There are 2 protein chains.
Amino acid sequence: MSEVDNNLTWHAHHVTKHARKKFHKQYPAIIWLTGLSGSGKSSIANALDVLLFEANHNTFLLDGDNVRQGLNKDLGFSDADRVENIRRIGEVSKLFCDSGALVITAFISPFIEDRALVRALVEKDEFVEVFVDTSLEVCENRDPKGLYKKARSGEIPNFSGISSPYEAPKNAEIVVKTENKTEQECAQEIVDYLRKEGYLDA
Amino acid sequence: MSEVDNNLTWHAHHVTKHARKKFHKQYPAIIWLTGLSGSGKSSIANALDVLLFEANHNTFLLDGDNVRQGLNKDLGFSDADRVENIRRIGEVSKLFCDSGALVITAFISPFIEDRALVRALVEKDEFVEVFVDTSLEVCENRDPKGLYKKARSGEIPNFSGISSPYEAPKNAEIVVKTENKTEQECAQEIVDYLRKEGYLDA
C-alpha cells in the first residue's frame, strides 16, 4: 500500500447515525424516568422494555442494577458524586441513542439541572422525560427495600424526598400517575406516547 | 391496585440477555482493537463497523471521537486517568455487549493489566482482543496527526511507544498486520474470524 493509497482509502467510511436509525426502524431516544425511591421507576422501566422489545424494537435499560455496580462503582452518594453519576449515565445514554437504540433509564435523578444537562447532550426530540409521579407518602408506605425507614432514622443521609430535595420536572414529556394502575398500564401510557409522537416507526 | 396485586405484578418481567441475543441474531461481543497511535485502529474499526453493519449486524463503535469528548471528558492523560479511561470504556462496552451488540473499540489501551480487567468483566468468548500490529517505525513515519513529532520533542509527555510503554498482547485472539494491506483487508480478516468462531449467527 503506497502512501497515496493510504490517504485515499483509510478513514473512508463510517456508519452514520441516520443509517443506524433506518436499520433499527425506529427513532432513537433516551426515555428518562425520574421519580422518588419506591415510585415504581424500575418496574415501569422493565415493563416498558418488555413491551417495546416484544414489538421488535431495539431497546436497552440502564438502571441501578447495571450501572452502580459497574461504570459508577467508584461513586458514592455525596452531592458531587450524585452529579457525576447522572452525568455519566447521560453520556452513556447518548451513546446508546447514537447506536440507534431506544434506551430507557430509571434513576431518581432528583435535580432539575442535572436532567437538563442530559437533555442538552442530545438532539431535540431525543430526550423524553417521564415523571413517575408517586407521592412521597405512597412511596414511604411501599418502602420495598426499607430505605425510607433507614432515611428517617438517619441511617441513610441525603435521601431524596426526606433529607435531600427531590425536584419534580416542570415540563416532562410524560407524567405517569402510578397509584391506581399496574406497571403494565403505566408502561403502556409511555408506549402510546412514543407511538403517537412517531418514535416507533422511522 | 391492592398491596397484594402490587407485590404480584411489579418487577415481574425483564428482557433477558439471551432474548436480546436471539433478537439480534448474533453472539454479542466486545471486539477490542489495541495498538500504537497511528497503527490504523480507528480506520480498521470503522471499516469493520461498515462491513458488519452492511451484513445486517447490530454494531456500535467506541473510539476517541465519541468517548473522550463525552463520558471521559473529565479525564486527562496521567497514569491514573488512563487506567480510569480504559475502565469506563470497558464498562460501557460490557453494557453494549449486554444489549446484544457487537461493539468495536479503538483505543491504544497500552497496558496488559487494563485490557485483562476488561476481559474479566464479561463472559468467556465475549472479549475478542485484536492486536493491530504495526511497528513503531511505520506508525512514526505515518504520524497522521503529528503526534509523534510532538512526543519526540517532549511537547506531549507519556506518549505510548515513545515515553511510556506499549505492552503488546501476548495472546490476542487476532493479530492484524497492517503494513501491506488496505483497511478493508484488515477488517475482512476480523470478519472472517468472527464468522469462523460463530459470532455472526446465534
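This is a predicted model: local features need pLDDT of at least 70, side-chain atom pairs count only at pLDDT 80 or more; totals for chains, interfaces and linings use all residues.
Begin by selecting Ile31(A), Val130(A), Ile31(B) and Val130(B). These are the residues with the most contacts inside the largest nonpolar core, which has 92 residues. Keep Ile31(A) selected and display its surroundings. Leaving aside residues up to four places away in sequence, Ile31(A) touches Leu102(A), Ile104(A), Val128(A), Val130(A) and Ile190(A).

Next, select residues 41-54 of chain A, which form helix α3. This helix has 14 residues and reaches 20 Å from its first C-alpha to its last, close to the 20 Å expected at 1.5 Å a residue. Helix α3(A) is mostly covered, with 12 of its 14 residues buried. The buried residues include Ile44(A), Leu48(A), Leu52(A) and Phe53(A), and also Lys41(A) and Asp49(A). Then move past the end of the helix: α3(A) is followed by Asn56(A), whose phi is positive, near 70°.

Now turn to strand β4(A). Because 6 of its 7 residues are buried, β4(A) is largely enclosed by the rest of the structure. Display β1(A) beside it: the two strands run parallel and are joined by 5 bridges. Within this pairing, Ile31(A) has Val128(A) in β4(A) as its bridge partner.

Finally, select β5(A), which pairs with β4(A) in the parallel sense over 4 bridges. Here Val130(A) has Ile174(A) in β5(A) as its bridge partner.

How values were computed:
Residues are numbered from 1 along each chain as its sequence is written. Chains are lettered from A and ligands numbered from 1 in the order in which they are written. A nonpolar core is a set of buried Ala, Val, Leu, Ile, Met, Phe, Trp, Tyr and Cys residues joined through C-beta atoms within 7 Å. A residue is buried if 20 or more other C-beta atoms lie within 10 Å of its own, exposed if 12 or fewer, and partly exposed in between; C-beta atoms are placed from the backbone. Two residues are in contact if their C-beta atoms, placed from the backbone, lie within 7 Å. The expected span of a helix is 1.5 Å times one less than its number of residues. Two strands pair if DSSP finds at least two bridges between them.
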